[in-house]
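Subject: Structure handover

Hi,

Here is the structure we talked about. Please open it alongside this note. My findings follow below.

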Amino acid sequence: MIEELEQTAAGATARLADVEDLDGLAALDAEYLGKKSALTQAKKQLGELAPEDRKAAGQAVNEIRGRIEAAIAEARARLTSAARAEQLEAERLDLTETRDEIRRGSLHLVTQARDRLEDVFVGMGYTIAEGPEVESAWYNFEALNIPEWHPARGSFDTIFVNLGEPEQVMLRSHTSPVQIRTMENQEPPIYIVAPGRTFRTDTADATHLPAFNQIEGLVVDRGITLGDLAGTIDEFVRAFFGGEVKTRLRPSYFPFTEPSAEFDISRPDGSWLELGGCGMVHPNVLRNCGIDPDEWQGFAFGFGIDRLAVMRYQLDDIRELVNNDVRFLRQF
Ligand code: DAH
């Protein structure tokens, strides 16, 4: 009997080692350990043995049963951990995130141009001045020798602010009012540049923006001549664009300078590009600020920073500067 049970147990452990699912395992469990199994039958038959044989046979049956139980437990552990792994794999969520390479922001190219201009002028001994963006008619026009009747007022396409008297408060149409504010507050000698936002009723197109940036320069000192102005413009253009760019002055008219000029820079193809206006500070302007024109002379200039950026970076359209398309801005 024990012999037979040993064979059954060997068969059982072999089949349990191969069983592939928990249902199959339950069937084997019933087959080898259940009521009708050879082991259970054998146990019942123990009582029929002679007492001297009973003990050894009982131990053998129990030992075999223990072996099969261990094989079942082992198979169950194997199958449950496999089922678990299968479930985990099936329910797995892919939480991997992908993202673009981390990009650092950079300064807007108008800010870069403005910073560079400031650096160039600070290097030449100038200081930076600022003024308000909302101005009065006195600072934006009158003190600059543009009285109310003056036709030049119309050419500034001014955006007026509805505060008090009509046409007395406006968004500044140029940075020239900072000249006046500086001369009111500072004794000559004066060497300043004043960058800042300016506004006109222009409709935005490829070369115009209604809100744009200018930089104003003002020098007031003794014995200042047009030659100093021409040399200064040449110097800063060279510092800003590099050695190959030339400058020239062309006679022009501004109410706040006499004589007045427009200044151009040379393009690689030899043609000229207009950059800004300049001239010797008009004696009326000096007088309006309490400065004696017989003792002090000065020059002034002003030009658009956005246009300078357009030239420097060879943009096709000035509106690129305000579209805020990161694909454009990232290039600079
Ligand atoms: N303010 C002028 C404009 O916006 C530019 C300008 C011309 C400024 C001549 C000056 C100057 O200081 O002397 O068109």
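Predicted model: local features only at pLDDT ≥ 70, side-chain atom pairs only at ≥ 80, totals over all residues.

His-150 counts as buried, because its relative accessibility is 12% and the cut-off for buried is under 20%. His-150 sits in the loop between helix 6 (137–140) and helix 7 (152–155).

Next, strand 8. Glu-262 belongs to this strand, which covers residues 257–266. Is Glu-262 buried or exposed? Glu-262 is buried, because its relative accessible area of 17% falls under the 20% cut-off. Its side chain makes a polar contact of 3.2 Å with the side chain of Ser-252.

Strand 8 also holds Pro-259. The peptide bond between Glu-258 and Pro-259 is cis, with omega at about -5°.

There is a cis bond at Pro-189 as well. It joins Pro-188 and Pro-189, and omega is about 0°. Pro-189 lies in the loop between helix 8 (177–185) and strand 5 (190–199). For context, most peptide bonds are trans, and most residues other than glycine have a negative phi.

Which phi does Gln-314 have? The value is positive, about 50°, although Gln-314 is not a glycine. Gln-314 is in the loop between helix 11 (305–312) and helix 12 (320–323). Gln-314 counts as exposed, because its relative accessibility is 65% and exposed means over 50%.

Asn-324 is not a glycine either, and its phi is positive at about 55°. Its place is the loop between helix 12 and helix 13 (326–329). Asn-324 counts as exposed, because 53% relative accessibility is over the 50% cut-off.

Last, the surface charge. Which residues form the negative surface patch? They are Asp-18, Glu-20, Asp-21 and Asp-23. Asp-21 lies in the loop between helix 1 (2–18) and helix 2 (22–33). Asp-21 is partly exposed at 41% relative accessible area, because that value lies between the cut-offs of 20% and 50%.

When you go through the model, please look at the two cis bonds, Pro-188 to Pro-189 and Glu-258 to Pro-259. Then look at the positive phi values of Gln-314 and Asn-324.

Best wishes

Methods. Residues numbered from 1 in each chain as written. Heavy atoms only, no water. Patch = residues over 30% accessible without salt bridge, like charges linked within 9 Å, V, L, I, M, F, W, Y side chains within 5 Å. Areas by Shrake-Rupley, 256 points an atom, 1.4 Å probe, with all protein chains shown as cover. Salt bridge = Lys/Arg side-chain N within 4 Å of Asp/Glu carboxyl O. Lys, Arg positive; Asp, Glu negative; His and termini not counted. Charge placed at Lys NZ, Arg CZ, Asp CG, Glu CD. Helix = DSSP H or I, 4+ residues; strand = E, 2+ residues; numbered from the N terminus. Buried < 20%, exposed > 50% of the residue type's maximum accessible area, 1.4 Å probe, protein only. Polar contact = N/O pair within 3.5 Å; in protein donor to acceptor, adjacent residues only side chain to side chain.
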